[in-house]
Amino acid sequence: MARTSNVFARVEPEIKEQAENVLNQLGIPMSNAVGMFLRQIIIHRGIPFEMKLPNKEPLVMENLAKEQFDKEIAKGMDDIEKGRVYSIEEVKNEMKLL
């Protein structure tokens with residue numbers, strides 16, 4: 001058996017439970033998932049996913065000039081026409097993860 005070392009981490013109970021639910025469905029023990037994450041850090045020589053701050057503050061309708069507002073509405077309409085939309089079920093599921 002390979003030598004092992006312990007890693008202790010404090011996480012919010014809800015986050016741990018949700019992660020365990022996903023990992024159980026995948027058949028991956030939590031300790032294996034943590035090991036996989038650490039191996040990816042080594043391979044990528046950093047965090048294995050993008051971490052960045054948003055480019056700008058969220059848009060607030062009341063703060064937009066009419067031209068800016070119209071431009072944002074046009075972008076939304078373009079997304080709808082091109083099928084870049086989410087069902088209410090997808091939105092609800094995404095909200096549950098937050």
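User: Buried means under 20% relative accessible area, exposed over 50%, and partly exposed in between (1.4 Å probe, protein chains only). Into which class does Lys16 fall at 39% relative accessibility?

Analyst: This is a predicted model, in which local features need pLDDT of at least 70 and side-chain atom pairs count only at pLDDT 80 or more, while totals for chains, interfaces and linings use all residues. Residues are numbered from 1 along each chain as its sequence is written, and side-chain values use heavy atoms, with hydrogens and water left out. Because the relative accessibility of Lys16 is 39%, this residue counts as partly exposed.

User: Which helix has the highest mean pLDDT among the elements of the chain?

Analyst: The pLDDT is the predictor's confidence in each residue, from 0 to 100, and its mean over the chain is 90, with 98% of the residues reaching 70 or more. Helices are DSSP runs (H or I, at least four residues), numbered from the N terminus. Helix H4 (residues 88-97) has the lowest mean among the elements, at 86, while the highest, 96, belongs to helix H2 (residues 30-44).

User: Is Leu38 buried, exposed or partly exposed?

Analyst: Leu38 is part of helix H2. Its relative accessibility is 38%, and therefore Leu38 counts as partly exposed.

User: How many salt bridges are counted?

Analyst: A salt bridge is a side-chain nitrogen of Lys or Arg within 4 Å of a carboxyl oxygen of Asp or Glu. One of them joins the side chains of Lys16 and Glu20, with N to O at 3.0 Å. The count by this rule comes to seven.

User: How far apart are the closest N and O atoms of Glu72 and Lys75?

Analyst: Both Glu72 and Lys75 belong to helix H3, where they are three residues apart, about one turn of the helix. Glu72 counts as partly exposed because its relative accessibility is 26%, and Lys75, with a relative accessible area of 42%, is likewise partly exposed. These residues form a salt bridge, and the distance between their closest N and O atoms is 3.1 Å.

User: Which residue forms a salt bridge with Asp79?

Analyst: Asp79 sits in helix H3 (residues 66-81), and at 28% relative accessibility this residue counts as partly exposed. Leaving aside residues up to four places away in sequence, Asp79 touches Arg84 and Val85, where contact means heavy atoms within 4.5 Å. With the closest N and O atoms 2.6 Å apart, the salt-bridge partner of Asp79 is Arg84.

User: Which residues are linked with Asp79 and Arg84 in a network of salt bridges?

Analyst: Arg84 has a relative accessibility of 46%, so this residue counts as partly exposed. The network of salt bridges links Asp79 and Arg84 with Asp78 and Lys82.

User: What distance separates the C-alpha atoms of Ser87 and Glu62?

Analyst: Ser87 is located in the loop between H3 and H4, and because its relative accessible area is 29%, Ser87 is partly exposed. Along the chain, Ser87 and Glu62 are 25 residues apart, and the separation of their C-alpha atoms is 27 Å.

Conventions
Helices (H or I, at least four residues) and strands (E, at least two) are DSSP runs, numbered from the N terminus.
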